[in-house]
Amino acid sequence: MDDDLRERIEREAEKHALLNAVKYESDADVGAIMGPLMGENPDFRPHGDEIPGVVGGVVARVNDLSTAEKRERLAELAPEELEEIEAEDEGEEHDLPDLPNVDDYDEVRMRAAPNPNGPWHIGHARMPAVIGRYKERYDGSFIVRFDDTDPETKRPDLDAYDAILEDIDYLGFEPDDVIIASDRLETYYDHARELIDAGGAYTCSCSGEEFSALKNDAEPCPHRGKDAETTREEFEAMVDGDYAAGEMVLRVRTDIKHKNPALRDWVAFRMIDTPHPRPEAAEYRCWPMLDFQSGVDDHLAGVTHIIRGIDLQDSAKRQRFVYDYFGWDYPEVVHWGHVQVDAYDVEISTSTLKAKIDAGELDGWDDPRAPTLKSLRRRGIRGEAVVEALAALGTSTANVDLSVSSIYAANRDLVDDEADRYFLVRDGERFAVDGGPDAGHPPLHPDHEERGDRTVPAAEGVLVEPEDLPSEGERVWLKGYACVRREGDTLVATGDDIEVVRAGDVDVVHWAPAEGGIDVRMRTPDGDVTGVAEPDFGTTEVDDVVQFERVGFARVDAHDDEESVTYWTHP
């Protein structure tokens with residue numbers, strides 16, 4: 001690589017590093033800028049093996065600047081791009097669309113209706129995030145209803161009820177009402193009796209296969225003509241538990257010739273032999289199907305607006321038959337597409353996560369490898385950042401992708417100003433230091449001089465990461481310390497001042513003391529990372545979020561005599 005090409009690469013890399021740092025208000029990341037850099041400069045590609053090394057040095061110099069200095073430098077190199085970022089910042093508004101017909105209601109009342117089979121993963125958070133935002137906009141009510149009326153195939157987890165409420169609290173919302181469906185069996189029975197008396201339901205002992213064949217041919221089953229008295233008697237026998245699973249169901253009488261077979265005389269109640277795990281509901285054997293239970297509860301709770309997946313359009317259509325029998329007005333419905341979450345190797349499914357935890361493949365629901373809210377919380381990601389990223393997806397009927405980087409960006413905005421800086425050296429190689437001071441004094445935060453400096457001892461030598469090591473005779477700048485030249489196993493202070501960094505003559509690297517540092521284990525989604533941090537890191541407290549320079553943000557989880565444990569938050 002000749003000098004002219006290297007100069008061009010450094011100039012372009014500096015621009016992209018500054019763009020990355022200013023846009024996300026954090027340190028620039030080599031991986032994040034390589035794509036745009038190579039995309040804009042295809043003639044760089046033949047030198048792809050050498051370019052990351054050049055870019056790494058440029059990124060280190062950019063990250064050594066304060067936030068104000070980064071903006072000033074970007075204004076010199078790329079003023080138009082800086083204006084675009086500032087315009088985006090001013091106009092950025094991830095607002096949700098207005099709910100339909102809100103003026104027709106005295107109060108907007110919405111519900112999240114989780115199945116309590118485990119703590120929430122990231123995808124689950126979309127519903128409470130959006131409902132919470134709408135509650136704030138319309139000064140409405142946020143109802144949480146646990147739809148736990150399937151004790152067999154969607155068997156509830158007794159710990160999940162409180163775990164989900166904790167997840168909602170983490171997101172920053174407090175429900176106005178909490179309803180547990182399995183507490184309300186008698187209410188559903190009463191409405192079933194009313195429906196039977198209104199001619200809207202009948203008991204059916206057809207096997208599933210028999211009824212399916214009749215339904216698909218738009219033919220009524222032989223029980224459809226039962227009178228209300230017979231149906232009532234058989235339903236009471238269901239309530240008393242006189243039938244086994246599969247022997248009898250209660251069907252809603254709809255239109256047996258409806259163009260959509262899924263809407264033809266659907267099941268409202270069935271028998272389940274497996275006892276419910278909640279002691280309060282363990283004696284019941286006759287259980288409502290979700291469409292019946294949910295429809296009744298929505299009406300009784302005064303729900304005005306329902307958000308549900310586009311794949312559940314038939315649910316609204318089924319429930320409307322019941323609403324018509326009772327003369328109720330159906331709530332407004334907003335359908336949305338599914339959300340796909342990137343960046344995880346683990347399938348985002350409660351059952352899959354539970355199986356991996358039970359098998360010991362994950363340490364628990366808050367394992368950093370798990371795509372759960374408990375994991376994000378333990379990593380130091382604030383619920384507000386999760387809400388911001390999920391609400392930004394809107395309510396489109398199209399499937400949408402959630403990039404976890406959007407959660408990271410939102411969280412970075414929240415924690416960057418508060419997070420003190422420290423060094424963490426991984427796989428460090430030891431060097432003696434000659435001619436420099438006994439310690440370095442980098443700032444706790446580059447934008448807050450009033451917080452003071454850290455003291456990083458150097459008299460007993462320093463640790464430097466292998467990828468940051470200079471070649472024999474070359475110089476590097478130990479951040480907050482001095483410019484040094486490598487001479488064998490010794491780094492010799494050169495006496496150069498900070499101008500060599502500003503001129504781009506030397507790379508800036510982080511380091512740790514060879515003696516007296518703190519052993520750190522950082523838990524990450526890709527596995528545990530170990531290293532040595534400077535002594536002042538020991539003054540941090542559990543739950544503090546810090547930034548390990550050039551490594552990323554991390555939440556302090558524990559300090560003990562052997563090591564400190566942190567959880568990686570994000571870049």
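Asp265 sits in the loop between strand S5 (249–252) and strand S6 (267–271). The model is predicted. In this model Asp265 has a positive phi of about 45°, although it is not a glycine. Most residues other than glycine have a negative phi. Is Asp265 buried or exposed? Its relative accessibility is 0%, so Asp265 counts as buried, the limit being under 20%.

A second residue with a positive phi is Arg550, also not a glycine, with phi near 65°. Arg550 lies in the loop between strand S25 (545–548) and strand S26 (552–559). Its relative accessible area is 33%. Buried means under 20% and exposed means over 50%, so Arg550 is partly exposed.

Glu549 is found in that loop between S25 and S26. With a relative accessible area of 5%, Glu549 falls under the 20% limit and is therefore buried. Which residues does Glu549 touch, leaving out those up to four places away in sequence? They are Arg421, Tyr422, Phe423, Arg454, Lys479 and His510.

The structure holds one cavity of 30 Å³ or more. The space in the largest cavity is about 50 Å³. Which elements each supply at least two lining residues? They are helix H3 (51–63) and strand S21 (507–509). Sorted by class, the lining has four nonpolar, two polar and four charged residues.

Next comes helix H4, residues 67–77, which holds Glu72. The relative accessible area of Glu72 is 51%, over the 50% limit, so Glu72 is exposed. Glu72 and Val59 are 13 residues apart in sequence. Their C-alpha atoms are 16 Å apart in space.

Helix H15 gives another view. This helix covers residues 383–391 and is mostly covered, with seven of its nine residues buried. Which residues of H15 are buried? They are Gly383, Ala385, Val386, Val387, Ala389, Leu390 and Ala391. The helices among them are H6 (126–138), H7 (160–171), H14 (373–378) and H16 (404–415). Strand S11 (400–402) is another partner of the buried residues of H15.

Now take the whole chain. It has 17 helices and 27 strands. Of its 571 residues, 51% are buried. The accessible surface of the chain comes to about 25700 Å². Carbon and sulfur atoms account for 42% of that surface.

The overall dimensions complete the picture. The C-alpha trace spans about 100 × 50 × 45 Å along its principal axes. The chain has a radius of gyration of 31 Å. A compact globule of 571 residues would have a value near 25 Å.

Key. Residues numbered from 1 in each chain as written. Predicted model: local features only at pLDDT ≥ 70, side-chain atom pairs only at ≥ 80, totals over all residues. Heavy atoms only, no water. 1 Å grid on protein atoms, 1.4 Å probe; cavity = no way out; pocket = protein on both sides within 12 Å on 5 of 7 lines; lining within 4 Å. Points joined across faces, edges and corners; volume = space filled by probe spheres on them. Helix = DSSP H or I, 4+ residues; strand = E, 2+ residues; numbered from the N terminus. Nonpolar A, V, L, I, M, F, W, Y, C, P; charged D, E, K, R; others polar. Rg over C-alpha atoms; globule rule 2.2 N^0.38 Å. Buried < 20%, exposed > 50% of the residue type's maximum accessible area, 1.4 Å probe, protein only. Areas by Shrake-Rupley, 256 points an atom, 1.4 Å probe, with all protein chains shown as cover. Contact = heavy atoms within 4.5 Å.
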